[in-house]
Amino acid sequence: EERIDLQLDAPDVNIRWSDGTTGPSFLITEPGTYFATISDPACSYTDTIVVEPTNCVDCKIYAANAFTPNGDGINDEFVVTPSCVQNPTEEYFKSYHISIFDRWGQKVFESIDPTVSWDGNNVDGQGVYTYTIEYEFQLYRKTQTLVKRGTLTLIR
């Protein structure tokens, strides 16, 4: 849980927060517009803070190190899953590119769509393959590019 603790502590002033509470501290746990009115016998002043939601998580890509395209409905495809979204879409990523190579360096699969997985049906037998995934996504209002490399085993 992310939070922002606001603290206004000054002698001989009254503080009223946007939710109507009084006191020197206020806890923010979700995006929104918040304000505090500070007053003393002579005058009052209101200040506002706007808390905007941001994509504050690093987006890691997870991929299994093996899959079994045997039609049993379990691990039948090599699936790439980003940690930052439940259902990856082409719109979420600024760019996405995966390439999978056999042990001789021949490309056996390629896609720019993060929702497309490899079923291994275009290769014979089983074996170890290498992959490279390059992807861009928003982080702290900036675009970040990451590359993930690894190996996977196709088991028949």
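Good morning. I shall begin with Phe 78, which, leaving aside residues up to four places away in sequence, touches Ala 63, Ala 64, Phe 67, Ile 98, Ile 100, Ser 117, Trp 118, Tyr 131 and Leu 152. Please bear in mind that this is a predicted model.

Phe 78 belongs to the largest nonpolar core, which has 21 residues. Phe 78, Ile 100, Trp 118 and Tyr 135 are the members that touch the most others in this core. Which strands each supply at least two of its residues? They are β9 (95-101), β10 (107-111), β11 (127-139) and β12 (142-154). Of the elements contributing to this core, β11 gives the most, with 5 residues.

I turn now to the backbone. Most residues other than glycine have a negative phi.

Asp 12 lies in the loop between β1 (4-7) and β2 (14-17). Is Asp 12 buried or exposed? Asp 12 has a relative accessible area of 72%, and because the cut-off for exposed is over 50%, Asp 12 counts as exposed.

Asn 75 is found in the loop between β7 (66-67) and β8 (80-82). With a relative accessible area of 44%, Asn 75 is partly exposed.

Thank you for your attention.

Note on methods
Residues numbered from 1 in each chain as written. Predicted model: local features only at pLDDT ≥ 70, side-chain atom pairs only at ≥ 80, totals over all residues. Heavy atoms only, no water. Core = buried A, V, L, I, M, F, W, Y, C linked by side-chain atoms within 4.5 Å. Buried < 20%, exposed > 50% of the residue type's maximum accessible area, 1.4 Å probe, protein only. Helix = DSSP H or I, 4+ residues; strand = E, 2+ residues; numbered from the N terminus. Contact = heavy atoms within 4.5 Å.
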